[in-house]
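Dear colleague,

Please find the structure below, handed over for your records. My notes on it follow directly after.

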Amino acid sequence: MLILALETSCDETAASVIRGENSKIEVLSDIISSQVKLHAKWGGVVPNLAAREHLKNILPVIKESLNKAKISPKDLDLLAITQGPGLIPALLIGTNTAKTLSYTWEKPLLGIHHIEGHIYANFIGEEKIDFPVLSLVISGGHTQLIYMSDHFNYEIIGQTQDDAVGEAFDKVARILDLGYPGGPIISKRAAQEIGDYKITLPRPMIASKDFNFSFSGLKTAVLYLIKKNEDKKKDPEFVQAVCREFQQSAIDVLIKKTLAAAKKLNPKTILISGGVSANKELRQQLKEAITTELPNTKYLCPELKYTGDNAAMIGVAAYFRCQYNKNNISDLDQNWKSIQADANLKLC
Ligand code: KG4
Ligand code: ZN
């Protein structure tokens, strides 16, 4: 089965062709046109600028994706598109393009939830996933612990009460004048020399009995720390010490809650996904914690190139939906008529 998938929910215009056969998935092309440099000037994504860039880039990105995969539109079995959640001006470009292609190429179209895509990025290259699965979704817009008893059966068992963890990385980077997006910059600086600085930041909600998170207080703690130490802001070792402690605080809370949920629910597999799952320290420390405390639980994290927004993950989710008969491909021919971009689309 050949699928062309598109993703335009935020600031990446992406198209991918995937081939699926039974549980084997091959990514034939994975093209991403990133707008990071454009939005960096503003310290975050500007929705209307994002839409304008998507509009400019989407057709060349689709063309490149088909060319790289050596596939012509007539070979495709299915089109897939991120329906939401995300920025509405950005989502509209992707959904309207996908609807137009579905109509003109006479190919069925499936709308996919962006977070479902992030979760299914873990299934690329994995022949078999053992359920139940506990999934930690960590991105710029989401921080959720999701229990899956089976494919596409989701229960959100905990989530952030305020900022998403990726958002906290981005805001702390802004406070420290480090640029955008914050995650990759903070993790890089956290690995560098910190001199004699010993900084302590809070671990919000680490002791709460539920599986919820809070990151806005942690960001505010960094803000107050910097206000008190304005003179040290130019000292690279001080900035690095703040980055290291902030990152460790976020990691401690994420690991504590994930392990507590796993001990209660006994999943066979724990997986992480979303942009923040690119964080090397988190990947490593979570792996060590699971190996020590839950040695019989499998741990998966996506390949680094599939952690951030991409279209391959949307294609994989669409493939599994057809595979597990959640969506019968012959019912999707006229689907382009009903698919609507939805900024607040719910997973379950
Ligand atoms: O999944 P994603 O690409 O877009 C959303 O769906 O939000 O996630 C983007 C987020 C940003 O907040 C970015 O700062 C964060 O992922 N991020 C990281 C790292 N790389 C990206 N956070 C921590 N460490 C990283 N290495
Ligand atoms: Zn995302």
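Ligand 1 lies between domain 1 (2–122 + 306–338) and domain 2 (131–301), because both domains give residues to the shell around it; the domain bounds come from an automatic or database domain assignment. Please note that this is a predicted model, in which local features need pLDDT of at least 70, side-chain atom pairs count only at pLDDT 80 or more, and totals for chains, interfaces and linings use all residues. Residues are numbered from 1 along each chain as its sequence is written, chains are lettered from A and ligands numbered from 1 in the order in which they are written, and side-chain values use heavy atoms, with hydrogens and water left out.

The shell around ligand 1 holds 20 residues, of which G140, G166, D170, G183 and G275 come nearest; a residue is counted as near if one of its heavy atoms lies within 4 Å. By class, five of the shell residues are nonpolar, 13 are polar and two are charged. In this scheme Ala, Val, Leu, Ile, Met, Phe, Trp, Tyr, Cys and Pro are nonpolar, Asp, Glu, Lys and Arg are charged, and the others, Gly among them, are polar.

Three helices, α4 (114–120), α5 (165–175) and α6 (182–190), each supply at least two residues of this shell. The greatest contribution is that of α6, with four residues. Helices (H or I, at least four residues) and strands (E, at least two) are DSSP runs, numbered from the N terminus.

From H118, a polar side-chain atom lies 3.1 Å from a ligand oxygen. The protein covers 85% of the 560 Å² of accessible area that ligand 1 has on its own, as computed by the Shrake-Rupley method with a 1.4 Å probe; for residues, only the protein chains shown count as cover.

The zinc ion

Which residues coordinate the zinc ion (ligand 2)? The donors are H114 (NE2), H118 (NE2) and D309 (OD), at 2.0 to 2.1 Å. Donors are N, O and S atoms within 2.8 Å of the metal (3.2 Å for Na, K and Ca), and sites may look incomplete because water is not among the atoms. The spacing of the donor residues in sequence is H-x3-H-x190-D. Both H114 and H118 belong to helix α4, where they are four residues apart, about one turn of the helix. H114 counts as buried at 7% relative accessibility, and H118 is buried at 1%; buried means under 20% relative accessible area, exposed over 50%, and partly exposed in between (1.4 Å probe, protein chains only).

Backbone details

Two cis peptide bonds deserve mention. One runs from G84 to P85, with omega near -10 degrees, and P85 is in the loop between β4 (78–84) and α3 (88–105). Another runs from Y180 to P181, with omega near -5 degrees, and P181 is in the loop between α5 and α6.

That loop between α5 and α6 also contains D177, a residue other than glycine whose phi is positive, near 55 degrees. D177 counts as exposed, at 57% relative accessibility.

Yours sincerely

Conventions
A polar contact is a pair of N or O atoms within 3.5 Å; within protein, one must be able to donate a hydrogen and the other to accept it, and residues adjacent in sequence count only if both atoms are side-chain atoms.
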